[in-house]
Structure formats: structure tokens, C-alpha cells
Amino acid sequence: MIRVITIDREYGSGGPDIAARLAERLGWKLWDQLLTNEIARQMECDCRAVEEREERRDTLQYRLFKSFMRGSFEGTLHAPRLKMVDAECIRQVAQQVVNQAAKEGNCVIVGRGSAYYLRERPDAFHVFIHAPLAEKVRRLVKTGKSEEEAIRLAETIDRDRAAYIKHFFGHKWPDRSLFHMMINSAMGDEAVINTILHAIQTFEKQPEAAVSKRA
């Protein structure tokens, strides 16, 4: 029985909106902004600090700054432990939060490496949502972004996510072998949600086939 759905997505494909509507349809808990909030709470930092660094590697400048700052505290007997809000710390806490959310069950989790953390769970169903560039630009423009900004963000944020997954998980993003289904959101959000739910129903009726070969 599926109790967890992970939604990974290309930026601008509508993944978060689809995840929210899917969670609402099922009456399940949505871990998206809530996940960021919980990471920030556990790290005792502002949500904006997490949002700026989750699902992306630290910049070279930040890595150099972090090394310098940590090095400056070495050998200082009474120096307090330096707290750094960096990609690795966020990833570690995200893994804990995602695993706890999955343990509780009945939830939809958006990104943050959740499909990779939960890949061995038989009660988790993994979905990747993508879209043509024109569709992503259309969706982003509707949120108030200019066409030029939408194109730039669609390209750079996905590039950052790919680098993050490669660095921390050693996988190419998206890893097609990891997901039960990959779906184009250009078909419409309602159609995407219905297709996901139908696929899960089919998956649950044929557990042996689903385990041996992911659709």
C-alpha cells in the first residue's frame, strides 16, 4: 500500500502546485514549504537561509569562506562551535525530516532529494514532473516574472539541481531508473493528478510486477 508520494520536478513545470492539489485530493500532509520550515527550525536559522541553499551546492566563494571561518577557530580552546548554514548541513537535516515524514506516512513530499532517500521504501511512489521550455515559461510568466527572467530561471535552477544531485548522490538528474513515472505537465494539472492516482492504483494491484519493473 502506497503511503508516500515524492514529487521531483523541473523548475517551472508546476510540480509544487500539482503536489499541493494531489495532497489535498488524498487528504494527505504536504511537505514542501513545511519541509523548509522544519529544516530551519531544527537548524535554528531563518527560513530564507535554507531556501537560498537547499537543492543546490554552495558557491565556490561560500565554500572558501566556510573553510576560512572554520579554520580560524581551530586550536581556539574556548571558542564556541561555529554554526554554518551550508548545503551539506541542510542535506543532513532534510534527510532526517524526509525519513520521519515517510515513517508517519500519508504524505506528499516535494523534492529535497526525497526520492533518493526513500528509494528502498516499498510504500513510496516516485514521480518526476517535466515540461517543455515554452510551458515552463508560460507558467512562470503567470506568476509575474518576465519572459526573459522565466527562461533564465528555468535553465539555471535546473542546472543547480542537477549539480546538487550529482554531488551528493552520485546520480544524473533526473535518474530515470529511480522514478515510477515521469510525466509532462503540459497535459494539464488535473490530467497529471488523475494519471498519477491511476498509476498508483495499478501499481498496488500488481505489486510483484511493480517491484521488478518500474513504469
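User: Buried means under 20% relative accessible area, exposed means over 50%, and partly exposed is in between (1.4 Å probe, protein chains only). With that in hand, is Thr36 buried or exposed?

Analyst: Thr36 is buried, at a relative accessible area of 0%. A word on the model first: it is predicted, with local features needing pLDDT of at least 70 and side-chain atom pairs counting only at pLDDT 80 or more, while totals for chains, interfaces and linings use all residues. Residues are numbered from 1 along each chain as its sequence is written, and side-chain values use heavy atoms, leaving out hydrogens and water.

User: Thanks! Where is Thr36?

Analyst: Thr36 sits in helix H2, which covers residues 33-43. Helices (H or I, at least four residues) and strands (E, at least two) are DSSP runs, numbered from the N terminus. Other buried residues of H2 include Leu35, Ile39 and Met43.

User: What do the buried residues of H2 pack against?

Analyst: Their partners are strand S2 (29-31), helix H3 (47-51), helix H5 (87-104) and strand S3 (107-110). Contact here means heavy atoms within 4.5 Å.

User: And which side chain does Thr36 have a polar contact with?

Analyst: That would be Arg112, at 2.7 Å. A polar contact is a pair of N or O atoms within 3.5 Å; within protein, one must be able to donate a hydrogen and the other to accept it, and residues adjacent in sequence count only if both atoms are side-chain atoms. Arg112 lies in the loop between S3 and helix H6 (114-117) and has a positive phi of about 60 degrees, although it is not a glycine.

User: Is Arg112 buried or exposed?

Analyst: Buried, at 6% relative accessibility. Glu44 also has a positive phi, about 55 degrees, without being a glycine. Glu44 is in the loop between H2 and H3, but this residue is exposed, with a relative accessible area of 65%.

User: New topic: which residues does the cis peptide bond join?

Analyst: Trp173 and Pro174, with omega at about -5 degrees. Pro174 is in the loop between helix H8 (147-169) and strand S5 (181-184). Trp173 counts as buried, at 11% relative accessibility, and its side chain makes a polar contact of 3.2 Å with that of Asp8. Leaving aside neighbours within four places in sequence, the residues in contact with Trp173 include Arg9, Tyr116, Phe128 and Ala162.

User: How many aromatic pairs does the structure hold?

Analyst: Seven. Rings of Phe, Tyr and Trp (its six-membered ring) pair if their centres lie within 6.5 Å; planes under 30 degrees apart count as stacked, over 60 as edge-to-face and the rest as tilted. The pair of Tyr164 and Phe169 is edge-to-face because the centres are 6.2 Å apart and the planes are at 65 degrees. Ring pairs also link Tyr116, Tyr117, Tyr164, Phe168 and Phe169 into a cluster.

User: Last one: how many residues are in the largest nonpolar core?

Analyst: The largest has 30 residues, and Val4, Trp31, Leu35, Ile39, Ile109 and Leu118 have the most contacts inside it. H5 gives the most to this core, with seven residues. A second, separate core of 22 residues includes Ile2, Val108, Ile200 and Phe203. A nonpolar core is a set of buried Ala, Val, Leu, Ile, Met, Phe, Trp, Tyr and Cys residues joined through side-chain atoms within 4.5 Å.
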